[in-house]
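User: I have this model open beside me and would like to go through it piece by piece. Please start wherever you like, and I will ask as we go.

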Amino acid sequence: MGVRLGWVNRSFGQHLSTIAHRAPGLRSSRGVAQSDRAARHGGWLVAWRAAYGYGVRPARDFFRPLAVGAPEPVREIPFPPSRMIHFFPAANEKMRSKVPDIAPTVDILLANLEDGVPADQKEAARAGLVEVANAVDFGDTQFWTRVNSLDSPWGLDDLTAAVLEAGEALDVIMIPKVEGPEDIHYVDRLLAQLEAKAGLTEPLLVHAILETARGVANVEEICAASPRMQGLSLGPADLAANRRMKTTRVGGGHPGYLVRADPQADAEGNTDIEAPRATYQQDLWHYTIARMVDACVTNGILPFYGPFGDIKDTVACEDQFRNAYLLGCVGAWSLHPVQIGIAKKVFSPDPADVAHAQRVIDAMGDGTGALMLDGKMEDDASVKQCRVVVELAHALSERDPELAASYGF
């Protein structure tokens, strides 16, 4: 039995080695050598890992440019105010003319080339991106673009134009429908080549949208795929369709997704299941947002909630944004000017919360031990929580004098 298993191990390892040799784009020469060694030692699992899963590049190579002349990757993702990513249709001349006035009012302004842009306007949208990038002074506002998906007829041209013709103004490129790390690897190498050609001195960052079940299943690998990864957004509409969820809403809850209180018993112990009972609507996106936040934080990048489609229901929009904020998201998309103020309000800590957090930090001294404050126990973990709130408040206040005044800074 042992001899037969050894033969299987060696044969499978040799098979993997052959695949690696025949698909040089799949693995580096280092990976091929590793799979060869593993095959010779009879370890098929080791061979599999060497050829497909582990040790693609040494750790020291991770922060080396992927093209000669490209800028070095960033070591840490910057975190300027990012409470809202405000979309504007780059193909629409009227909306482009409003960009200079909108830019100072938002943290991130995004030129949209993808969903919402008709097929016959894709080239106009791309030209609009270039026009805005070269004509507008964005000041402290981040300027992003969302390109078309990598499998579309427009994705490659979008990326090329974004870097070669708008790269000096852009901060981040948003990639839709990312399903695995291979999508990020492709974009990473292509951007490096284009950056070198354009002579850019700062690397463009990449933001991925989770819009498929496969993307959610691979979310940890996507976050770790490149030092360019800036963050992730939840794309609830496409994800709902891909999962075959029975909702036509773009984000938010659903009245059918609920829990119901148990029926009450009368004096004789009888229950009437038809009698009125309290119901509580649940959050369709709780699991996905929480998993996305964990993956982002683990890899030092930023999680965002995506779109809320019911523009007129500003109350429900605020609720959805707040759910995402409490779970750890740093911002959300705004699809209409009315949502800018909502995102600003929700993703800025409440002044009362900031004041309380500062009291806890002051009372705890060096941040160790435990004490009672207003009848509540505060300890080391409490201080960590409070520092998250206070540090965010200080960062936002640097750009927003009115907010700074509300915090008493």
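**Charge pairs, loops and surface**

Analyst: Arginine 322 and glutamate 318 are about one helical turn from each other, because they are 4 residues apart in helix H13 (residues 314-327); helices here are DSSP runs of H or I with at least four residues, strands are E runs of at least two, and both are numbered from the N terminus. This is a predicted model, in which local features need pLDDT of at least 70 and side-chain atom pairs pLDDT 80 or more, while totals for chains, interfaces and linings use all residues. Residues are numbered from 1 along each chain as its sequence is written, and side-chain values use heavy atoms, with hydrogens and water left out.

User: OK, and what do the side chains of arginine 322 and glutamate 318 do?

Analyst: They meet in a salt bridge, at 3.1 Å from N to O, where the term requires a side-chain nitrogen of Lys or Arg within 4 Å of a carboxyl oxygen of Asp or Glu. Side chains of opposite charge can pair when their charged atoms come close.

User: Is glutamate 318 buried or exposed, and what about arginine 322?

Analyst: Glutamate 318 counts as buried because its relative accessibility is 19%, whereas arginine 322, at 29%, counts as partly exposed. The cut-offs are under 20% relative accessible area for buried and over 50% for exposed, with partly exposed in between (1.4 Å probe, protein chains only).

User: How many salt bridges does the structure hold?

Analyst: The structure holds 19 salt bridges. One of the pairs joins arginine 64 to aspartate 61, whose closest N and O atoms are 2.6 Å apart; arginine 64 is partly exposed at 45%, while aspartate 61 is buried at 18%. There is also a network of salt bridges that links Glu114, Asp115, Arg146, Lys177 and Asp238.

User: Which residue does aspartate 374 pair with in a salt bridge?

Analyst: Aspartate 374 pairs with arginine 359, and the closest N and O atoms are 2.6 Å apart. Aspartate 374 sits in the loop between strand E11 (370-373) and strand E12 (376-379) and arginine 359 in helix H15 (residues 351-364), so the pair ties together parts that are 15 residues apart in sequence. Aspartate 374 is exposed, with a relative accessible area of 56%, and arginine 359 is partly exposed at 40%.

User: What is phi of aspartate 374?

Analyst: Its phi is near 55°, which is a positive value in a residue other than glycine. Most residues other than glycine have a negative phi. Arginine 244 also has a positive phi, near 65°; arginine 244 is placed in the loop between H11 and E7, and at 65% relative accessibility it counts as exposed.

User: Switching topic, where is proline 255 found, and what does it touch?

Analyst: Proline 255 is found in the loop between helix H11 (236-243) and E7, and it is partly exposed, with a relative accessible area of 44%. Not counting residues up to four places away in sequence, proline 255 touches Arg249 and Gln281, a contact meaning heavy atoms within 4.5 Å. Proline 255 and glutamine 281 are 26 residues apart in sequence, yet 6.0 Å apart in space from C-alpha to C-alpha.

User: And serine 397, is that buried or exposed?

Analyst: Serine 397 counts as buried, because its relative accessibility is 11%. The residue is found in helix H16 (residues 380-397), and, leaving aside neighbours within four places in sequence, it is in contact with Leu403, Ala404, Tyr407 and Phe409.

User: Which residues form a negative surface patch?

Analyst: The patch is formed by Asp266, Glu268, Asp272 and Glu274. Patch residues have over 30% relative accessible area and no salt bridge, with like charges joined within 9 Å. Of these residues, glutamate 268 lies in the loop between strand E7 (258-260) and strand E8 (279-281), and at 63% relative accessibility it counts as exposed.

User: Last one, what about the protein as a whole, starting with helices and strands?

Analyst: The protein has 17 helices and 12 strands, and buried residues make up 45% of its 409 residues. Among contacts between residues at least 6 apart in sequence, 71% join residues at least 24 apart. The protein exposes about 21,100 Å², of which carbon and sulfur atoms supply 53%, with areas taken from the Shrake-Rupley method with a 1.4 Å probe.

Methods: Patches are made of residues with over 30% relative accessible area and no salt bridge: like charges are joined within 9 Å, nonpolar side chains (Val, Leu, Ile, Met, Phe, Trp, Tyr) within 5 Å. Lys and Arg count as positive and Asp and Glu as negative; His and the chain ends are not counted. The place of a charge is taken as NZ of Lys, CZ of Arg, CG of Asp or CD of Glu.
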